[in-house]
Amino acid sequence: MEHTKHIWRAVLIILLVPISYVVIHHIAVPESFGVYGHYRADSVKEFMDTPVIHGDRESCQSCHEKQNKELLANKAKGKHATVPCENCHDAVSFHVKPDSKTGELVKIEKMVIVRSYRLCAYCHEYLEARPNAFPQVKCKEHVISQDAEFSEEVCVKCHDPHNPSLKEEGKKDEGKKDAK
Amino acid sequence: MQNRETEMSRRSFLGKTGGLAVLVVAGGVTTVFADSKQSEQIKKNPQAYDWSQHDYVYLVDTDKCIGCGSCVRACQKENHVPPHRFRTWVERYVVSHDGHTHIDSPDGARNGFPPVVSDYNVAKAFFVPKLCNHCTHTPCVQVCPVGASYRTKDGLILVDEKRCIGCGYCVQACPYGSRFIHPELHVASKCTLCYHRITKGMLPACVQSCPVQARMLGDRKKNGDKVAEIIATSKVVRVLKPELLTEPNCYYKNLSKEVY
């Protein structure tokens with residue numbers, strides 16, 4: 001009888017092991033942890049399910065193929081053919097979203113149209129580090145050399161942002177008059 | 001009296017080690033238990049996208065980059081990157097004839113680059129886009145104490161935001177400076193190669209937005225993949241900091257020797 005205390009202690013410890021296991025496992029280890037490796041497998045699914053903001057290069061065409069046929073054709077044959085629409089405008093998901101019932105795209109916000117020379121300057125302002133073959137100008141000098149007046153929207157007065165070359169359409173002089 | 005003392009110390013010893021023993025046993029059982037759950041979990045969540053069929057590689061052609069910052073802006077929007085933090089950024093190198101190098105990246109090139117006024121004759125100047133290198137043997141995953149950073153089977157390094165405790169070990173461990181602590185969520189954040197896009201067959205936002213195709217995404221497991229072919233065959237492709245043996249999966253074509 002003098003060992004009863006000790007036996008109880010031993011029993012207590014033996015019981016504590018599975019109980020602590022259940023408690024610690026429940027608290028410390030997330031459900032899907034260790035399925036693929038030392039991480040939470042559900043995390044991969046969560047990354048995959050993150051909503052997409054930008055469309056792909058063909059996203060705009062699903063609507064604008066019909067609405068702006070000429071504009072798209074003009075862009076496709078010009079030097080800006082490789083520039084995605086979303087670079088100068090905005091991500092497609094800010095502009096349209098699928099209808100919750102029909103799944104058809106519904107316009108939610110007008111698309112951004114930036115006419116500032118600053119947008120053009122991101123790519124075309126002269127920088128020493130840019131590849132030499134890439135078309136670039138010292139914006140202010142270029143405007144002066146063209147006898148034009150400098151303003152925020154000076155570039156788009158001569159250049160069509162969708163097809164910026166002036167050679168093809170011979171609208172150089174026309175642009176000059178406008179800019180003046 | 002002496003016996004009594006011995007008994008006391010044995011008792012306290014048992015008390016102290018008992019807790020530890022329970023933890024060790026519980027840990028062991030947990031591991032075994034997790035393994036048995038594996039097949040069951042996979043059956044429950046069959047993925048339409050099969051990640052064992054992909055092995056992504058990234059290629060940057062520094063000769064093409066014009067430093068416009070479109071990639072940085074697209075990444076910020078696509079991934080809700082907080083201001084003044086970057087999952088990808090562009091650096092400008094201006095090198096003089098005697099090897100003096102000026103490097104800058106104003107706000108990560110989010111607003112492009114202003115013209116630089118250098119007080120020396122410029123020998124060469126170029127842009128270098130940077131991002132997470134998605135290393136095969138990455139130190140950032142090794143140091144994570146909670147298993148929040150991990151490497152997927154298709155070769156990307158991701159951070160589980162729900163698991164991350166924001167200790168910042170991985171931020172310090174990354175030799176490429178590709179990670180940051182999110183100022184609002186207080187967890188580590190980094191480039192995911194737009195995992196939500198590439199698993200749907202789309203391009204990462206940075207690759208898609210590049211107007212001159214300086215950034216490219218490839219897949220080593222895809223037959224006839226052009227980018228993987230360039231990486232395999234080109235003599236002018238290299239990685240950053242190869243001596244660290246991290247085996248980056250982000251390659252640079254025509255990279256100047258000044259870039260480290």
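Across the interface of chain A and chain B of this predicted model, 19 residue pairs are in polar contact, both members having pLDDT 80 or more. A polar contact is a pair of N or O atoms within 3.5 Å; within protein, one atom must be able to donate a hydrogen and the other to accept it, and residues adjacent in sequence count only if both atoms are side-chain atoms. Four helices of chain A, namely α1 (4-28), α2 (41-48), α5 (85-88) and α6 (117-124), each supply at least two residues of the side that touches chain B. Helices (H or I, at least four residues) and strands (E, at least two) are DSSP runs, numbered from the N terminus. The largest share of this side of chain A, eight residues, is provided by α1(A). By residue class, the side of chain A that touches chain B holds 27 nonpolar, 11 polar and 11 charged residues. Here Ala, Val, Leu, Ile, Met, Phe, Trp, Tyr, Cys and Pro are counted as nonpolar, Asp, Glu, Lys and Arg as charged, and the others, Gly among them, as polar.

In this model, local features need pLDDT of at least 70 and side-chain atom pairs count only at pLDDT 80 or more, whereas totals for chains, interfaces and linings use all residues. Residues are numbered from 1 along each chain as its sequence is written, chains are lettered from A and ligands numbered from 1 in the order in which they are written, and side-chain values use heavy atoms, with hydrogens and water left out.

The contact (heavy atoms within 4.5 Å) involves 49 residues from chain A and 68 residues from chain B. About 4900 Å² is buried between the two chains, and carbon and sulfur atoms give 60% of this area. Buried area is the accessible area (1.4 Å probe) that two parts lose on being put together, summed over both. Of the area that chain A buries against chain B, F47(A), M48(A) and Y122(A) supply 14%, more than any other three residues.

Three salt bridges are counted between chain A and chain B, and 13 are found over all chains in a search of the whole structure. A salt bridge is a side-chain nitrogen of Lys or Arg within 4 Å of a carboxyl oxygen of Asp or Glu. The side chain of R40(A) meets that of D160(B) in a salt bridge with an N to O distance of 2.7 Å. R40(A) also forms a salt bridge with E46(A), at 3.0 Å from N to O. R40(A), E46(A), D160(B) and K162(B) are linked in a network of salt bridges. R40(A) counts as buried at 10% relative accessibility, while E46(A) is partly exposed at 30%. Buried means under 20% relative accessible area, exposed over 50%, and partly exposed in between (1.4 Å probe, protein chains only). In chain A, D49(A) and K45(A) form a further salt bridge, with their closest N and O atoms 3.4 Å apart; K45(A) is partly exposed at 38% relative accessibility.

Chain B contains seven helices and 11 strands. Of its 260 residues, 51% count as buried. Among contacts in chain B between residues at least 6 apart in sequence, 64% join residues at least 24 apart. A salt bridge in chain B joins E91(B) and K130(B), the closest N and O atoms lying 3.1 Å apart.

S256(B) is located in the segment after β11 (250-253) of chain B and is buried, with a relative accessible area of 12%. The side chain of S256(B) makes a polar contact of 2.7 Å with that of K124(B) and one of 2.5 Å with that of E258(B). Apart from its neighbours within four places in sequence, S256(B) is in contact with K124(B), F126(B) and R238(B).

Two loop residues were examined for backbone geometry. Most residues other than glycine have a negative phi. D147(A), in the loop between α7 (139-145) and α8 (155-158) of chain A, has a positive phi near 55 degrees. D107(B) has a positive phi near 50 degrees and is placed in the loop between β3 (101-104) and β4 of chain B. At 26% relative accessibility, D107(B) is partly exposed.
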